[in-house]
Amino acid sequence: MVSLNQKGFFILSLLLWLYDPVATSGANHSESMGVLSIHLKAGSLDAPSFHLFSPGVKQSSIYRGQVKSVTENNVTFYRTPDIGNPGNLLGPLPAGVLCSQQATAVAQLDENGSVSSILLTHPGSGYLDKPNIYLAPPSEQITGISVFRSAMAEAIWDTNSSQLSGVAVSEKGRGYQEPPSVTIEGGPHYLKLIDPDSNFSGVHFPILSNSDHMLELNNSADTGNSDGIPTISEVFKTGQLVEVVKGWTLGSLFGQSSTDLLLHYDSNASRADWVYLLKEPAYQNRDSSDYVPHFNDGTAWKMVDSPNQITSHQLISPDQSVIIARRAETNCTLYIQGTSAETPASWYFPEFNRTKLISNPYPTELKISDLIGIEMITEDNSSNEANSSRWLANKEQDLADNIQILNSSGWSTYWHDGTNLEIRKHAKISARAGTGLGGALTQTDFSMKSGQISSISNPVSGGVIVTTTGNHELSNGFHVTIFSALGRLTNENKDQIDSSGNIVDQGEGMIIESPVNGKWEITNITNNTFELKDCKNYTDFIADASATWTTGFPGEGYDSNITLELSITGGGGFGARATAQVGNEGYITSITIIHGGLFYTHPPTITVHSGGWRKLGRGNAPINDLTLPPGSGALLIRKHPHGVRSQIPLLTILQQ
């Protein structure tokens, strides 16, 4: 048994609980969606390198459809008639296999390139029905063979033990060069709500058992009290869109044994790489024992402190991150085949004095302000229900909820100091293509103007001209958004017409929303006019003072006399940096270009960060925003004295 006082574990304890920078090495990166590469730098037994990453879910959903009904912890789906026997209704799910330890097997070939037998290497467990078995088809032709067939097999299921006792070959197939891979249904699965209209979109629950059309879900996190965790019937509703996804285990993520293992293994735990899993909040002690290390001895995953306990089937939740301690003295790159979320996902805040390793579930960088928006932040640490489920802000780091990110220099600690929690209207800034040298952005390439429209032309040919009520102060190349313009419908000759297309007297045409409403690039500027590029109009404008134009808005309700950081993305360029200054009245009064960048050949997107996030060790200096790369994770530390566990749907990501 390995002592908790060993140097490797002591170093991790320092990393997790001390706020002073600790020297570690390594970082985690991600490539395209579906393939996560984790670059592990060499470590040693005395000084491992640590890496934090989130694997997401194992594969694409095995089912996506609508909920038929919900009763307590059971969710039911629609069944359809069997084509061969219409009186027999079939459900969309593989019965009895979605909460099991997945069985494994290997195929053996005879001299004719056919499957002679299938050897069961692990019987699995928890099978409440017989799983299907899939064999890969022949992938390479064998000289002299003209007929190629895929092999087929059937599981031999022991109903008493809920395991497989063998695999029977029902079709040997033909034309195999190598033994085909064998896939047996099973493993841990989750039901995830993906309906964008639900406040719980992104929430997922483990499956306990299933028939072909019904799932029993595990909601053990719900204590039945006002703990912020909803019940199954509160989350899932009739008609909502859901999907069934497969989860990871230690073995399926990192490999089971020496033949497929991705990390360094050793029969002696002190010489192997370790993987740390954080205990669930209810079982935490708020010390180093909360992080449970596992190692692989070449045959299975086991607990470092209880090597007789096999943990290959330890679950890794879709929202969970893990820590790898690289103890081998060589660099290594892991390639994890997984699926990043394209649909809404969720986090949850842990309760007071508890921690949670959360993940970035998306194939893109995330800003913490996107995840923990000001509507989810409070400075009130009372037990009021509206505040106890929110993220706690405070000028002092020790009194605020914390988030820690693991990087090459150790754990970095961040918190929100309460800045700009009273914003009434968020600022919005537009930009045009860079007009500076080399496509650099200049001061004149930013705008947040708005005003009223006095007229909009409806020409037979040529561009649509918008006349503003005053000097718009715009330039060619900006994009203007027009709202609430109404007009009377006209034909191609610009005669006003009714709903049937009949020509009517001037002022009698059908009133509709003008087709110029929307976003347009502007050109041919004068002091109070601009032309909408590539716009066509078929209405005579109604001058009722309701039509407006805008390139942005300076905001409302910001804290006075502060500097806001701006993110500049897209536009074909790189390197631009800028800030915005807030005046006494609580809105942006000016923009400062720190660096214009290069090659902004079309308009970039400008994001105004509300600020308030601070980093331990930087004094009062603000930071732009925390960024979580794809495939990475972070540690949430809840210090709200009355904080309860609360679900946070990440809907804003899909709306950007």
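**Entry 1: aromatic pairs**

I began with the aromatic residues and found that F53, F254 and W301 form one aromatic cluster. I took rings of Phe, Tyr and Trp (its six-membered ring) as paired if their centres lie within 6.5 Å, with planes under 30 degrees apart counted as stacked, over 60 as edge-to-face and the rest as tilted. The model is predicted, so I noted that local features need pLDDT of at least 70, that side-chain atom pairs count only at pLDDT 80 or more, and that totals for chains, interfaces and linings use all residues. Residues are numbered from 1 along each chain as its sequence is written, and side-chain values use heavy atoms, with hydrogens and water left out.

I counted nine aromatic pairs in the structure. F53 and F254 make an edge-to-face pair, with 6.1 Å centre to centre and 80° between the planes. F53 lies in strand β2 (residues 49–53) and F254 in helix α3 (residues 250–254), so this pair ties together parts that are 201 residues apart in sequence. Helices (H or I, at least four residues) and strands (E, at least two) are DSSP runs, numbered from the N terminus. F53 is buried at a relative accessible area of 0%, and F254 is buried at 0%. Here buried means under 20% relative accessible area, exposed over 50% and partly exposed in between, for a 1.4 Å probe and protein chains only.

I then looked up F574 and F599, a tilted pair with 5.9 Å centre to centre and 50° between the planes. F574 is in the loop between β43 and β44 and F599 in the loop between β45 and β46, so the pair ties together parts 25 residues apart in sequence. F599 counts as partly exposed, at 45% relative accessibility.

I checked I403 for contacts, meaning heavy atoms within 4.5 Å. Beyond its neighbours within four places in sequence, I403 touches residues including I368, W391, Y414, W613 and L626.

**Entry 2: an open sheet**

I traced five strands in an open sheet, in the order β26-β49-β30-β31-β47, with antiparallel pairing. Two strands pair if DSSP finds at least two bridges between them. The edge strands are β26 (355–359) and β47 (613–615), each pairing on one side only. Strand β31 (residues 410–416) and β47 pair over three bridges, and Y414 has K615 as its bridge partner in β47.

**Entry 3: single residues**

I looked at S567, which is in strand β43 and is buried at 9% relative accessibility. Its side chain makes a polar contact of 2.5 Å with that of H609. A polar contact is a pair of N or O atoms within 3.5 Å; within protein, one must be able to donate a hydrogen and the other to accept it, and residues adjacent in sequence count only if both atoms are side-chain atoms.

S209, in strand β14 (residues 204–210), has a side-chain polar contact of 2.7 Å with E216.

I found D398 in the loop between β29 (391–392) and β30, exposed at 53% relative accessibility. The C-alpha atoms of D398 and K639 are 7.9 Å apart, across 241 residues of chain.
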